[in-house]
Amino acid sequence: MSTKTVRTICFDCHSRCGVLLEVEDGKIVGVKGDKDHPISHGYMCPKGRACMEIIYHPERLTKPLIRVGEKGEGKFEEVSWDKALDVIAKKLLETREKWGAESVVMGQGTTRGMPPWIYRFMGLFGTPNFISAGHMSGAPIALASALTAGCSLADPDYANSKCILLWAHNPKNSYPGIYNYFLRKGLKEGAKLIVVDPRGTSYARKADHWLQVRPGTDVALILCFINIIIENELYDKDFVEKWTEGFDQLKECASEFTLDRVSEITWLPPEEIKAAAVTYATTKPAALGPGMGGCCQNINSFDFARTLTILAAITGNLDVKGGNVNPVAPTLRRSCYGSDYSIERTITKEQFSKKIGSKKYAGLKFLPPTPELIWDAILKEDPYPVKFFGLFGTNPMVAYANSKQVKKAFKALEFQFSVDYFHTPTTRMADVVLPAAHWTERDDIEDLMMKGHVFCQIKAVEPVPECRCEKEILIDLAKRIGLEGYWKTLKESLDYRLEPIGMTFEEFKKVGKYSLPMEYKSYEKRGKFYTPSGKVGLCPKYFEEWNLNPIPVYREPPESPVSSPDLWKEYPLILTTGRRILSYYHSSLRNIPSLRKNAPDPELEIHPDTCKSLGVKDGEWVHLVTPRGKVEIKIKEFEHTNPKVVHSPHGFWYGREDGWEKLNINQITDNGPKDPVTASVSTKALLCRVEKM
Ligand code: SF4
């Protein structure tokens, strides 16, 4: 019997926890957290611990499939890899010939290491149209903080902080492997905790200040914080004077967000708002953690992230130890989303200018089109037809807003291939389905949000026959269509990525990680922030060059007691969707028995008083109704919410075709009104009612 222990990185969510895999005779027989990993420190969640169940699951896709039935019917026949790739390659070339390269869209669900390979493929092929979940998970934060301050807000230094502000963020379930160790350390060492969240998360319940904000009104609250801080001269005057642009305009804009007005908008007592703002501004250093979904799934997503960046900046908390730091990956230009891989680098200017949405939404000059815009292109040929989808590990049918429209779009597509571990409602619509290798079965490099470290993901076992690494699938496709300039082997592509640190992948495997020391206040050394003016743009002139409004704007959610009072009479509860469940990652893993046991059904968190008035009780199945229809959901009495606000998880289905449309929340979400910069849609502040079944 041969045995070995492989030190690698889990990738069943973005935390990428360090793990030790026990391998016996080419099979994984054990997994545990790596205590020496500098970020996760031995932590593993139930998903990572279930890796053997995932890899050796009887329903895992193990053969390439070609659809023989109707779309969605689930009838496929097994084919060879050669046949499957030939079909895709032929269709790629035919589509480009007939409709133009831009009518081919590629996409992924969550990042999982694929952007460098997909982006380069797309750029060389000639299409600028890529879809992902970015618009509702982090992309607006990345864009807004980059344009405002040339850095990212996503790396709060909780461990060294004296004040931790979690805004719409619950690190217990969201990126736990990245944040929890440092957050607990900071709190243990006495940091104050402020949580802004309509939902009483475990962190909210133990916070020094918990602001139970009305969903969708955060920008008004942030501007009120800024107003209080400026009025009371609690801002960092030195920093503001030397390093910011547009302070007077910010002061004027924020002055409209008085305590009384914002108290009315947000349903928060004025004294609580003021106390939290003063604690944040006067307890230094302070680290601000924005929630990826919490901040991004609304029609204010750009200004939400932008005003949070401004808040961190004017209080002197940008790029300081214990504040919002800016670790630089040693592989920066070749990091996961590094500039060396951007589509723009390999595509022609003419083709890039065709990116869907980029003329209408200023933010989409920088970000990919949102899926909602792609559905319009498929269904209405607006601005031109989209005919071909190549999808990697993504389940838009279940995971994206207004899944009824998503289904129509998938039905109308001319061709689709999907690469995944298991069948999903999305793979069942595909013409070709390819079985993906698991993270234990592939080599990779991880540096995104890894605090200045680069980690090696080492293949521990050969893939279950005939699963294949997604990167190799793209390399094979590139060869078939004669894509000049693409890598010829996986080794070549991994070596290319590591070139900046002077190692080949084989050499990197031996050391496992590469790190740079943390630097603070790097803008002082450089003499500038990475913005056009070299300063943090509070209300910057340079925004005008990008057709952006220099002044932050608060927009009332499109459905709300204020903006649609008549609808509120019919639908008297506010619905937030997208609550994370630790056992699942978005819509994935519903068919894994140990995980399913933890969270068998979709549950609607609702206040016990509201249950009483509706005559429903804990565990009862009800209809949740919005103006777009109804779904079935189970009541979970939850006292830590406003009686007028209910919370549902997202992405629910049962891992098979057993009536997911009856219970998936996106059957009743909307993809209509959009953020004017990023085109994000509102899934966090909708109106609903509960009906007995
Ligand atoms: S949090 Fe869980 S799923 Fe995510 S990387 Fe860590 S162990 Fe894996």
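## Getting started

Two strands pair if DSSP finds at least two bridges between them. Helices (H or I, at least four residues) and strands (E, at least two) are themselves DSSP runs, numbered from the N terminus.

This is a predicted model, in which local features need pLDDT of at least 70 and side-chain atom pairs count only at pLDDT 80 or more, while totals for chains, interfaces and linings use all residues. Residues are numbered from 1 along each chain as its sequence is written.

## The open sheet

Let us begin with the strands. An open sheet is formed by 7 strands in the order β5-β4-β15-β14-β13-β6-β7, with mixed pairing. Its edge strands, β5 (76–78) and β7 (130–131), each pair on one side only. Strand β6 (residues 104–108) runs parallel to β7, and 2 bridges join them; M106 has F130 in β7 as its bridge partner.

Further along the order comes β14 (residues 415–420). A residue is buried if 20 or more other C-beta atoms lie within 10 Å of its own, exposed if 12 or fewer, and partly exposed in between, with C-beta atoms placed from the backbone. Because 5 of its 6 residues are buried, strand β14 is largely enclosed by the rest of the structure. On one hand, β13 and β14 run parallel and are joined by 5 bridges, with F417 in β14 as the bridge partner of G390. On the other, β14 pairs with β15 (residues 432–435) in the parallel sense over 4 bridges, and here V419 stands opposite L434 in β15.

## A helix across the strands

Helix α4 (residues 115–125) lies across β6, β7 and β13 (388–392), and runs at about 175 degrees to β6. Such angles run from 0 to 180 degrees between N-to-C directions, and the axes are lines fitted to C-alpha atoms, for helices over the stretch in contact.

## The nonpolar core

A nonpolar core is a set of buried Ala, Val, Leu, Ile, Met, Phe, Trp, Tyr and Cys residues joined through C-beta atoms within 7 Å. The largest one has 218 residues, and I118, L223, F225 and I226 have the most contacts inside it. Helix α8 (residues 218–231) gives the most to this core, with 10 residues.

What is F225 in contact with, leaving aside its neighbours within four places in sequence? The residues are A277, Y280 and L311; contact here requires C-beta atoms, placed from the backbone, to lie within 7 Å.

## Around the ligand

Among the residues that surround the ligand are C10, D12, C13, M44, C45, P176 and G177.

By class, the shell has 6 nonpolar, 3 polar and 3 charged residues. Here Ala, Val, Leu, Ile, Met, Phe, Trp, Tyr, Cys and Pro count as nonpolar, Asp, Glu, Lys and Arg as charged, and the others, Gly among them, as polar.

## Backbone details in the loops

The loop between α17 (371–380) and β13 holds P383, which a cis peptide bond joins to D382, with omega about 10 degrees. E381 is found in the loop between α17 and β13. Its phi is near 55 degrees, a positive value in a residue other than glycine.

R112, in the loop between β6 and α4, has a positive phi of about 40 degrees although it is not a glycine. Is R112 buried or exposed? R112 has 23 C-beta neighbours inside 10 Å, so it counts as buried. E381 has 12 such neighbours inside 10 Å and therefore counts as exposed.

Terms used:
Two residues are in contact if their C-beta atoms, placed from the backbone, lie within 7 Å. A residue is near a molecule or strand if its C-beta atom, placed from the backbone, lies within 6 Å of it.
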